[in-house]
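Please keep the structure open while reading.

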Amino acid sequence: MASCIDTLIIGSGFGGAVVAARLVEAGQKVTLLERGAWRETAALKDYPLTQRAPLPHGKYFASHLLRQVSVGGRLAQRKVLNTNGLFDIHYDKGMTSICSSGVGGGSHVYLAMNTRPLLANYWDNRANGLSADNMEAHYQWILSRMGSRPAQESDNIVNLVPQRLGHHPALDTKIEQPALGFRFGHTYANNAFLGDANGHKVTLDSLLLAPLLTKGLTVYAQHECLTIHKQQTGYRVEVFDHREQKYRFLLAKRIVIAAGTLNSLRLLFRSQALGGLAHMPALGKGFSGNGDVFAIWQAGTKDDDFRTGTPTLGRFKLRGLPDSPMLYALGINGIDQIPLLPAFLRRSAKSWLALVGMGNDEANGRVTWRNDELHIDYQQAKNPILAHIYHAFDLLSQHDKKRVWFLPQRAITVHPLGGARVGNHQQDSVINAKGQVHGHRHLYVSDGSALPAATGTPPSMTIAAWASHVSQHILSEIKNHEAHI
Amino acid sequence: MSALSLTHTTRPRLGHLRQDELAELFSTLATADINALAGHQWHGRLLAPFAAQYLPRPLLFALSALLATPLNPWYGKSFEHQVGANHWFAGISLPFGEYAISTQNSPHDGAPVLWLDYNVTANPSLLRAIRGEVRTLSEGVFLARMNWQTAKGLFCVAYFNLQAD
């Protein structure tokens, strides 16, 4: 009989890496599957890792930018372009989602903002035994591990929002600036959404995973989990090893699903459709795009250069707009890594800021499974935060006399959340307050798909806090089990 | 592997799998329960025959699909509690190739299997070297391994699955 893995974690982003770290640091042996490769960054240079993939910088830009493109709905299909590519794009009529792959997951491409949800009571009344108070310790744990703090004047960072945009009459920059998971004091370039090869952005591969490889953590990179089947004891997991181009089959006593919202939903839907997991009536309910809206704004003059700085330069609100949404600004940081870009475009891009609006949408989207692919039904009209952010961008345009470009017809998110959300009852939730899939004591969900609502801010710390919370329940289950034998 | 490699992002179909992959899958399964099999005739599909294991995956799948057509005269198996037989030709279901059934540990991985021993007097001598192992893939679906017993040991010849018509 194949040996049975005690705890198998699927995915290595904020949901998976945190559970792995918490369990291994508590003395458990953990196996982690990640469909992407270890990335080639300076932060990992001292670890003996094989087959690292470069970030899509310079000559690797075209070949390593995209991993997979998928389309939902009637035309459902999915095409893998390069298993070492960084981004997945899922196009759907309701919403287009972008996510990343690689050991460390979204930590490579996020903007290093380590924030809590907009609402202080985000976790209250979601499920029995869950509250903002008891989640606080988990936020503190991850913020401490990330070394998070806001940028300070002594860091000598140019282009921070309070300094560069503080004079703008339409903008309120005197708001709390986000803490950053960033190693300050080095260079401040090429560190944003295309990944930071210099290793200054704190990523989970170097912070949590690689240091634990000699302490009980086994990472199978480029192993994509395809289905989960409940067996008499434990679970059988079907995996494709992209490195060896072969299928593998593993047995696990306990599984933690943390493949990123869309991939976790794919895994759950496919396993359900094939009879591997029992019917989950609420699977796909409560999907949110976190109110993401993207824009570009020619904020500076031709003498300004916003390309250097931290991954995000900070956030601001609009004066005169009641309940202004939080708008996050970043320079077109990383543009120097795109080869063959016309010089005029490179010149003009340096004075532009990319803006990301975020807010609490209603988390009323619905993901379904059709033709072996996800289909996202998300209606902008039923999520007024999007119109509010569009209005904010329009107002900014009017005040500034410079156009803010965005796409109001199309919902795009880099923060898909929900679909396997936490709750008390099987009819409206997939997992309970401990992170266990209803009816499955040893199957957990610890990533963004578990979140009960939009966070309205970058959700990485909330996902990490949830994962930390789930890991404590896993440890408690293990302890109880050991006490019984 | 990178750029233009063949990629698989949906569930594996059994016909796609090579012998070493089927062996790994087989080793994760629990033994078949004779009570679930007995009293029925089961339709079989031959998978990954020994000679085809080095074929490129699309050709392997094509061969597996071909073997599932009536061009392959083997139809499947029937089970009673202690004996069973192979059935040939879909229309007439001719029984040929009997076996004794027991439960024992697999010589390959040491875990329990339903053991099919063709070394019975009713069989011609050529068939008596066959040993089968059956495990449960999912409810009502079984995965089996066909071995050939030689003086040097037991060699896997092919896998097949069994399910109701």
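Helices H3(A) and H9(A) are roughly perpendicular to each other, a label for angles of 65 to 115 degrees. This is a predicted model: local features need pLDDT of at least 70, side-chain atom pairs count only at pLDDT 80 or more, and totals for chains, interfaces and linings use all residues. Residues are numbered from 1 along each chain as its sequence is written, while chains are lettered from A and ligands numbered from 1 in the order in which they are written.

**Helix packing**

Helices are DSSP runs of H or I with at least four residues, and strands are E runs of at least two, numbered from the N terminus. H3(A) covers residues 132–146 and H9(A) covers residues 460–484. Their axes come within 8 Å and cross at roughly 115°. Axes are lines fitted to C-alpha atoms over the stretch in contact, with angles from 0 to 180 degrees between N-to-C directions. Contact requires C-beta atoms, placed from the backbone, within 7 Å. The residues of this contact divide into 8 nonpolar, 3 polar and no charged.

H1(A), residues 14–25, also packs on H9(A): the axes come within 8 Å and cross at roughly 40°. Among the contact residues are Val18(A) and Arg22(A) of H1(A), and Ala464(A) and Ser468(A) of H9(A).

**Core**

The largest nonpolar core has 169 residues. Such a core is a set of buried Ala, Val, Leu, Ile, Met, Phe, Trp, Tyr and Cys residues joined through C-beta atoms within 7 Å. Beyond its neighbours within four places in sequence, Ile257(A) contacts residues including Ile10(A), Leu267(A) and Tyr444(A).

Phe316(A) sits in strand E16, residues 314–318. Phe316(A) is buried, because it has 25 C-beta neighbours inside 10 Å; the cut-off is 20 or more, with exposed at 12 or fewer and partly exposed in between. Thr173(A) is 143 residues away in sequence, yet 4.7 Å away C-alpha to C-alpha.

**Positive phi**

Most residues other than glycine have a negative phi. Two exceptions follow.

| Residue | Phi | Loop between |
|---|---|---|
| Asn190(A) | about 50° | strand E9 (179–180) and helix H5 (204–209) |
| Leu340(A) | about 60° | strand E17 (326–331) and helix H7 (343–349) |

Asn190(A) counts as buried, with 22 C-beta neighbours inside 10 Å. Leu340(A) is exposed, with 6 other C-beta atoms within 10 Å.

Conventions: Angles under 35 degrees count as roughly parallel, over 145 as roughly antiparallel, 65 to 115 as roughly perpendicular and the rest as oblique. Ala, Val, Leu, Ile, Met, Phe, Trp, Tyr, Cys and Pro count as nonpolar, Asp, Glu, Lys and Arg as charged, and the others, Gly among them, as polar. Two residues are in contact if their C-beta atoms, placed from the backbone, lie within 7 Å.
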